[in-house]
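Thanks for asking me to look this one over.

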Amino acid sequence: MAAARKGIECSTWRPRSKLTSELQLHICGSLFTLDKELLATKSSKIAKLIHRNPNADLSNFLRDIPADRESMEIVRRFCHGIGANLTPENIVRVSCVAKYLGMTDDHSPENLLTKALTFFECRVIPSWNNSVRALKNAENILDHASELGLVDYCAKSIISKAMEDPRLLGESIKINIPISDEEESNEENVYKPNARRKLFDIEWKSEDLSLLGLQLYAPLINAMIQQKIPQENIAASICQYAKTWLFSDEEKVDENSRREILEALVRLLPHERYMVTCTFLFNMLRYAKFLDASSDCINGLELRIGKQLDQASVKDMMLILSQGYAKDENYDTECVRRILKNFYMHYTGRDPTGLGLVAELIDEFLIEISANIDLKMEIFVAFADMSVAASEGILSHRTSDGVYRAVDIYLDKHRHLTESEKEEICRVLNCNRLSGGACEHAAQNGRLPVRFVVQALYVAQLKLREAIVPRIVGGGGGSENSNSGFVKREDEGERMEIEMMESKVKELERECDVMRREIERGGCCNCGGGFSNYNNVVKKNKNGKMSMWKEMKRKFGCGMSMYDDCHCHVKKKKKVHPR
């Protein structure tokens, strides 16, 4: 029996009769020997061939038989009166072989085709798992199986069971949806299993549709979409299919087939937000770029990402920038710009929280890539412009501290930059949008160009003055009106804090005054370092011959003839929005 199962010719199965005519068939590289006369008692096709061609080699007429070794062995055993071992995995092929050979009840009672179709109806159709397994094994003989109607029966069985219990497709993906969007969603369409079903639920693993090839999976999902099966469960099935056929380390198909699968899955994906995670969408976009998918496929993914960009993380953003993503450069600025544009076009929330999340995301993304020593200055500036545009205008209360931190890291990792290149990078910064702490840090940052250091110095001074003066004035008024009954004494800690801030202001005022006088006397054309080298700069320029004061005023955009009159507002840059 073991030899026969392996497809090796075996004399054990020769009939105990005087018949000596044999039929030899090569099936899947194995030789099967059958008795023609015995097979003819069960097969109307063989009987007709023997009648018409008694001396011919019948194997020439059976070249297109839809059999494999297992199904042929079942046919041989059945002809010898041994029971057929039918399973959901072999039932479709056995049925097709029986139909091809004409093994019907019209030719012989209780024939193989009747037994196979009875098994299919009673054991396969009622079961989700058996239906999926049977459909999987119909892929290589799809024409024969479709002619018998077995493919349609399996598909209808699977669809009807998914309509009854969508969880068979996969549990819906849990995503933290903003409250405003949850209120707008239609909860009536969400599948909720009734209490009785949940009470008697048996813990069993349903067969995954990712077993199926694309030629069967895509029409099946399309039919489910038309039947209004919940999109959350359909999306879960698509995610699992992508993990099996695209994201797996084991390459089951070639590159062209993977591209075809990816484009088909994108067409099947729901367009509603929060059906799948941003991580999944970014992974799909990464593979779409790598596999040179169609522009429609890439645009569809960018649109879906843009709609729920507020749910993305920096790790997600980095997926599309990894090695092998783009052929010319690792950082596709236009892709990120299009995603941002899609986000702003489709953002419908009444709450600006989502806008803040995206602005913070772009800031963190900029900080993440700024440490890359291979990052070109033009690419960094382009991303920095996007970060500034994401914060300005819509979110006027947000500071530019994130952009400043990214600039500081980039300058630290790219110390070869010239002064003019540093100024080009720092043009994305607006001192007026920096916090007090960031301004103070910038005023002492030796990596920044001198022009920006001076601007930051003045803005830091103004911020400190604005913070201290009202508190001092308020405190003085309270002391003068000691008889009003409303005098509130400040505690010792607060007084010490005010004194420290006052000393900082005075120190900054002295430094600014010294710098102004030195610039008026000699200019600062040789100031290549940061503010930390200020004392050396003063010494080097004591003997300067040409005054640069008017030129400095023009470049900084502020009058510096009097310290108290200088507001040193950085010239506001035109807003840049993603196109």
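**Notes on the model**

1. Let's begin with helix α9, residues 150-164. Helices (H or I, at least four residues) and strands (E, at least two) are DSSP runs, numbered from the N terminus.

2. Before going on, some ground rules. This is a predicted model, in which local features need pLDDT of at least 70 and side-chain atom pairs count only at pLDDT 80 or more, while totals for chains, interfaces and linings use all residues. Residues are numbered from 1 along each chain as its sequence is written, and side-chain values use heavy atoms, with hydrogens and water left out.

3. Back to α9 and its surroundings. Its buried residues include L150, V151, C154, A155 and I158; buried means under 20% relative accessible area, exposed over 50%, and partly exposed in between (1.4 Å probe, protein chains only). Which helices do the buried residues of α9 pack against? They are α5 (91-101), α6 (112-124), α7 (128-136), α8 (142-148) and α12 (214-226).

4. For the whole chain, the secondary structure comes to 27 helices and two strands. Of the 579 residues, 48% are buried. Among contacts (heavy atoms within 4.5 Å) with a separation of 6 or more, 72% are between residues 24 or more positions apart.

5. The two strands are worth a look. β1 (residues 22-27) and β2 (residues 30-35) pair in the antiparallel sense over six bridges; pairing requires at least two DSSP bridges between the strands. β1 has a covered face made of L23, L25 and I27, while E22, Q24 and H26 make up the uncovered one. Across the pairing, H26 stands opposite L31 in β2.

6. L281 sits in helix α15 (residues 278-290). Its relative accessibility is 1%, so L281 counts as buried. Leaving aside residues up to four places away in sequence, L281 touches L269, V276, L301, R304, I305 and Q308. One of these, L301, is 20 residues from L281 along the chain, with the two C-alpha atoms separated by 6.5 Å.

7. Now the aromatics: eight aromatic pairs turn up in a search of the whole structure. Rings of Phe, Tyr and Trp (its six-membered ring) pair if their centres lie within 6.5 Å; planes under 30 degrees apart count as stacked, over 60 as edge-to-face and the rest as tilted. Y217 and Y241 are a stacked pair, 4.0 Å centre to centre with 15° between the planes. Because Y217 lies in α12 and Y241 in α13 (residues 231-245), this pair ties together parts that are 24 residues apart in sequence.

8. How confident is the predictor? pLDDT is its confidence in each residue, from 0 to 100. The chain has a mean pLDDT of 77, with 71% of its residues at 70 or more. Over residues 323-328 the pLDDT is below 50, and this stretch has 11 contacts in the model beyond near neighbours in sequence. Residues 523-579 also have pLDDT below 50, with 100 contacts in the model beyond near neighbours in sequence. Where pLDDT is low, the predicted coordinates should not be read in detail.

How values were computed
pLDDT is the predictor's confidence in each residue, from 0 to 100.
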